[in-house]
Amino acid sequence: MNAIGAERIPDPTTAGDSCRRFSDVNILQLMNAFNRIRQRVWKQQPDKFFDCAIIEADGMQVETSAEKKHGIGINYKGQWGYHPLVVTLANTREPLFIVNRSGNRPSHEHSGFFFDLAVERCREAGYRKVVLRGDTDFSLTENFDRWDNDGVEFVFGVDAMPNLVKIAESAEKSAWKPMQRRREQKRPAAKPRAKRPRYNEKIVVENGYLNKKLVSEQIAEFEYQLDKCDRCYRVVVLKKEVHQTRGQLRLFDHEEPVYFFYITNASKQSKPTRQVVTDANARCNQENNISQLKQCALTAPLDNLTSNWAYMVIASLAWNLKVWLALMIDPSGRKDQKIEQAKTKAKLISMDFSTFRDRILMAPAQIIRRSRSVVFRLLTYRQSIDTLLLIESAARRPIQC
């Protein structure tokens, strides 16, 4: 309160009274206001930043045990609550749109509309390429032709339907190639250490539990036209061979492989078969983004669907500010300083919200109010203080409109 010149902290009920004044149109206007500020921050980035925008969408369940919250529903797992849709920019982990829905609504509901809004915002900002990603629920086939005509690239999962499985099973052996997943090559240690035993594997074998082991992965692709599409698209299939054992005994000599399907409109030249699977799997980071938003925004403390929607959008500004402060850092100075500042920038973007709050914001300080200034006297030093001072110097620079 001394730092911002406040005389008191508003009562907690103020949040409910304020959010209940929002209508659906007001919340959409608020998200558009956030996105206008977001575009101004993006304009400060180097040209490479605008090579490609990767937009992802997913739904998550916000559980609540309250019985008098308007708009709650029960999902197929028996969980009561809301089911908000979160559309994010994977490059910076920013939530572009948050849409609250009843708990019994499907994940993909309204996602096509907000995908289109996100594409429009990214193109207005100057992105030269836009890619949409999502799991099988977001494979909105009625939009594929329109997105393809508009130059929007997409990679979506597809349900393992019987006709797709039949095509995969009838493919020739020469069509299958081993799926090689690149892993980071660690620098070998000067004196290698002995590997510790896998205790969980030992317990599973001793107790005779069912154990599933991935033996191999193979990929292939074929052209396929969906019912609601006027043209064919590439379908990439990932075949996994999984062996099931119980104790030391293998249960089946000939086991059915597990198939995963992905559909894309990217050409083979721009995106090889392996890259399609890699990009689709990279969408799993969306779960991490949602888990971070749960810490600051995705909760339902108010009494109806619309007011909780407003609360989620307003509270998501905390996560947005973390990302914007990181993006405002413009590496400058000597070559070693630029490299260090670039690492700090990337670290802040990927940093968890709780870590950012505890290490960067929760710095003990003494507030001294003078006649014409306010002095923040830091009472301790730690490595994160350097990051805080770097953020402060970056925030002082005016934003170019």
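Apart from neighbours within four places in sequence, Thr-344 is in contact with Thr-387 and Leu-390, where contact means heavy atoms within 4.5 Å. Thr-344 lies in helix H11 (residues 335-350); helices (H or I, at least four residues) and strands (E, at least two) are DSSP runs, numbered from the N terminus. With a relative accessible area of 15%, Thr-344 is buried. Buried means under 20% relative accessible area, exposed over 50%, and partly exposed in between, with a 1.4 Å probe and protein chains only.

The structure is a predicted model, in which local features need pLDDT of at least 70 and side-chain atom pairs count only at pLDDT 80 or more, while totals for chains, interfaces and linings use all residues. Residues are numbered from 1 along each chain as its sequence is written, and side-chain values use heavy atoms, with hydrogens and water left out.

Helix H7 (residues 273-282) has Thr-273, Val-276, Val-277, Asp-279 and Ala-280 as buried residues. Seen down the axis of H7, these buried residues fall within an arc of 165 degrees, so they line one face of the helix; the arc is that of the directions from the helix axis to the C-beta atoms. The cover over the buried residues of H7 includes strand E7 (130-134), strand E8 (153-158), E10, strand E11 (233-246) and strand E13 (258-264).

Of these covering strands, E13 is itself mostly covered, with five of its seven residues buried. E13 runs antiparallel to E8, and four bridges join them; Val-155 has Thr-264 in E13 as its bridge partner. E13 also pairs with E11 in the antiparallel sense, over seven bridges, and here the partner of Val-236 is Tyr-262 in E13. Two strands pair if DSSP finds at least two bridges between them.

Strand E10 (residues 210-224) holds Gln-218, which is partly exposed at a relative accessible area of 28%. Leaving aside neighbours within four places in sequence, Gln-218 is in contact with Trp-176, Lys-177, Pro-178, Met-179, Val-237, Leu-238 and Lys-239. Gln-218 and Val-237 are 19 residues apart along the chain, and their C-alpha atoms are separated by 8.3 Å.

An open sheet is formed by three strands in the order E2-E4-E3, with antiparallel pairing. Strand E2 (62-63) and strand E3 (73-74) stand at the edges with a single partner strand each, so one side of each is left without a neighbour in the sheet. Two bridges connect E2 with strand E4 (residues 80-82) in the antiparallel sense, and Glu-63 has Gly-81 in E4 as its bridge partner.

One cavity of 30 Å³ or more is counted. On a 1 Å grid over the protein atoms alone, a cavity is a set of points where a 1.4 Å probe fits but cannot get out, and lining residues have an atom within 4 Å of a point. Grid points are joined across faces, edges and corners, and a volume is the space filled by probe spheres set on the points. The largest cavity has a volume of about 40 Å³. Helix H2 (24-42) and strand E6 (94-99) are the elements that give two or more residues to its lining, and E6 provides the largest share, four residues. Among the lining residues are Met-31, Phe-34, Arg-38 and Phe-97. The lining divides into seven nonpolar, two polar and one charged residue, where Ala, Val, Leu, Ile, Met, Phe, Trp, Tyr, Cys and Pro count as nonpolar, Asp, Glu, Lys and Arg as charged, and the others, Gly among them, as polar.

Methods:
On a 1 Å grid over the protein atoms alone, a cavity is a set of points where a 1.4 Å probe fits but cannot get out, and a pocket is an open set with protein on both sides within 12 Å along at least five of seven lines; lining residues have an atom within 4 Å of a point.
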